Amino acid sequence: MEENKKYYITTPIYYPSGDFHVGTCYCTLMADTLARYKRLRGYDVFFMTGTDEHGQKIEEKAKAKGITPKEYVDEFVARAKDLWKVLDISYDKYIRTTDEEHVAAVQKIFKKLYDQGDIYKGEYKGLYCTPCESFWTETQLVDGKCPDCGREVKEVKEESYFFKLSKYQDRLLKYYEEHPEFLEPEKRKNEMIKNFFDKGLEDLCVTRTTIDWGITVPFDPKHTVYVWLDALTNYINGLGYTTSNDAMMKKFWPADVHLVGKEIFRFHAIIWPAILMALDLPLPKKIFGHGWLLVNGKKISKSFGNYKDPRVYINATSVDALRYYLMKEVTFGEDGNFSEELFVERINSDLSNDLGNLVSRVTTMVEKYNGGVIVKKEELPLEDIDKDLIDTAKAMIPNVEEYMDNLKTNEAMAEIWKLISKANKYIDLSAPWVLAKEGNTDRLNQVLYNLVECIRIAAVPLQMCFVDTPKKIFAQIGVGDKETTWDSAKEFGTLKDGTKVSRGEILFPRLEMSDELFKVEDEEAPKVEGKPQITIDELDKVELKVGQIKSVEKIPKAKKLYKLEVDVGEKELRTIVSGMVPYYKEEELLGKQIVVVTNLKPAKLCGIESNGMLLAAGDEDVVKLLVLDNNEGVLENGTNIH
Ligand code: MSP
């Protein structure tokens with residue numbers, strides 16, 4: 001491996017909130033495609049992804065589920081890794097911000113920046129909504145009140161540490177100017193400079209005293225490190241920065257590219273380089289802000305009801321079909337669209353018709369006309385249609401390289417499809433069935449050779465994006481390892497005389513759009529929780545009863561929690577703390593008959609002992625309580641539920 005052939009690529013580290021959808025898969029797939037491309041070209045690749053696991057939101061979600069934040073993030077990470085396995089994501093390292101090495105490194109970085117004066121202690125001033133426990137800026141307020149609950153906010157001051165971001169303003173601007181390739185796409189860079197630098201950069205608050213679930217400041221433990229200093233430094237901490245084992249850091253830093261979504265581009269473009277400047281480290285070579293995958297013009301999210309587990313599409317088609325769709329549909333830096341109709345159309349036209357048919361038609365003809373054997377004879381002169389086909393094949397790899405080196409994955413795929421289309425047309429123009437009928441064996445052999453050679457050449461770069469299909473194609477056209485390397489696809493004529501072709505299964509069966517196609521079957525439904533099966537006796541350990549909510553009270557200082565008094569048919573009412581504030585108003589809960597787990601061990605939440613749990617469905621954006629259909633009020637409180 002040549003010394004300079006190294007490639008370090010990262011995705012953002014994802015928040016463990018909700019599950020991944022096709023939108024969140026996009027960036028990881030793009031990174032995976034680039035990583036595979038570089039590996040095919042002989043680079044030593046380090047591809048890192050991971051999770052950003054600290055913060056108040058996680059703390060609250062865990063509380064609402066009655067588990068610790070660590071348990072909550074562990075569950076999420078298991079599901080995330082599971083999905084990446086299904087999608088065949090070839091990451092080399094999965095970093096978690098709860099990893100011991102990362103925590104220790106953030107603390108060392110914090111101390112170093114403090115010691116050298118880049119972090120200082122100050123006061124965070126903000127408009128605070130006490131019941132919601134949230135800080136707001138003037139512009140976020142609605143009619144001068146909290147945008148969440150509509151109550152009065154007050155100006156408060158909180159002791160915080162600040163990173164001297166303002167000090168780096170001029171150096172950053174100078175760097176952008178001197179390194180035009182650093183931030184891409186260009187229009188996002190310009191937008192960012194206009195929006196943030198014109199006003200002047202403000203120092204950045206990097207700690208909080210109100211969030212427990214975070215990395216503590218080593219010399220002032222009532223503070224935890226706040227968001228970006230923790231999250232962004234993953235890119236170097238994952239290489240062992242600050243540890244005695246800095247071989248990876250020496251080898252792979254600076255990163256070649258950080259791929260990030262457009263809404264977090266500015267943090268990567270401003271805060272991250274400033275932190276690196278303060279640490280006296282070189283900056284990454286490129287930060288690329290990609291667009292979003294949209295459904296009906298909106299970013300995919302559970303709250304828009306347009307969320308679907310990527311596994312649904314994989315189950316209906318294949319991993320390669322979904323991978324291809326995502327790489328093809330999103331244009332460089334722009335938003336892309338996802339719809340089930342578009343998905344079906346794309347798979348049918350590009351994969352079934354163009355690629356699938358080419359392979360199947362050609363392998364069938366070689367079997368039918370030549371007993372499955374390729375004959376290579378060079379004495380026949382080339383016709384114009386041959387020259388045209390060979391020129392397209394030879395131009396493809398250099399063009400694909402150019403696009404991939406510029407992160408234009410969709411154009412690279414289109415370039416491969418140019419050859420596939422040309423080869424399909426070549427079949428019609430050369431009409432091998434006529435040659436066979438006429439007994440023109442030499443020309444027939446030449447035509448079949450050219451076609452199989454084109455399939456081989458096209459399948460080589462397909463290995464960047466597809467994980468199963470190229471192997472299947474290579475097996476059908478009988479080529480060995482040497483004929484599947486990147487460089488072998490630059491030559492036309494590598495395919496050997498006597499190669500044995502054997503027709504295989506259909507690569508991409510045509511899809512018929514129907515209501516059933518993307519239906520989530522119960523047995524196939526993704527096992528998101530991945531919990532082991534339990535016996536009926538184990539289930540029987542859970543005591544469920546009908547309860548009725550008799551009083552509802554918000555807990556001051558807790559953003560999401562209500563204190564409920566619930567009648568479960570006992571002498572006294574039960575106190576249950578429940579995270580329903582974002583989903584139900586007090587009056588909506590009062591009097592409701594609901595399902596209560598009555599034998600759950602008591603737990604203290606915000607200093608209040610909670611004795612039981614209400615059953616609810618949903619996650620994050622939409623949560624609904626399981627309510628008794630009790631218009632007639634037939635069931636008494638305390639009735640057992642089986
Ligand atoms: N934790 C931060 C990143 C810290 S990186 C040091 C974060 N996490 S996130 O989970 O909210 O988002 C992670 C990435 O997913 C972002 O780059 C975001 O743009 C991307 N996407 C989320 N929904 C998306 C689409 N619908 N389409 C494409 N990407 C989308 O931000």
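A polar contact is a pair of N or O atoms within 3.5 Å. The model used in these exercises is predicted.

**Exercise 1.** Find which side chain has an N or O atom 2.7 Å from a nitrogen atom of the ligand, and decide how this pair is classed.

Solution. The side chain belongs to Asp52, where an N or O atom is 2.7 Å from a ligand nitrogen. The cut-off for a polar contact is 3.5 Å, so a pair of N or O atoms within that distance counts. A polar backbone atom of Gly23 is 3.3 Å from a nitrogen atom of the ligand. For Gly261, a backbone N or O atom is 2.8 Å from a ligand oxygen.

**Exercise 2.** State how much of the ligand's area the protein buries, and describe the shell by class.

Solution. The ligand alone exposes 670 Å², and 93% of that is buried by the protein. The elements giving two or more residues to the shell include strand 1 (6–14), helix 1 (22–40) and strand 11 (257–261). Sorted by class, the shell holds 13 nonpolar, eight polar and three charged residues. Of the 24 residues around the ligand, those that come nearest include Ile13, Glu263 and Leu293.

**Exercise 3.** Locate Ile397 and decide whether Ile397 is buried or exposed.

Solution. Ile397 is part of helix 14, residues 384–405. Its relative accessibility is 0%, so Ile397 counts as buried. Leaving out residues up to four places away in sequence, Ile397 touches Pro461, Trp486, Ala489 and Lys490.

Terms used:
Residues are numbered from 1 along each chain as its sequence is written. This is a predicted model: local features need pLDDT of at least 70, side-chain atom pairs count only at pLDDT 80 or more; totals for chains, interfaces and linings use all residues. Side-chain values use heavy atoms; hydrogens and water are left out. A residue is near a molecule or strand if one of its heavy atoms lies within 4 Å of it. A polar contact is a pair of N or O atoms within 3.5 Å; within protein, one must be able to donate a hydrogen and the other to accept it, and residues adjacent in sequence count only if both atoms are side-chain atoms. Accessible areas come from the Shrake-Rupley method with a 1.4 Å probe; for residues, only the protein chains shown count as cover. Helices (H or I, at least four residues) and strands (E, at least two) are DSSP runs, numbered from the N terminus. Ala, Val, Leu, Ile, Met, Phe, Trp, Tyr, Cys and Pro count as nonpolar, Asp, Glu, Lys and Arg as charged, and the others, Gly among them, as polar. Buried means under 20% relative accessible area, exposed over 50%, partly exposed in between (1.4 Å probe, protein chains only). Contact means heavy atoms within 4.5 Å.
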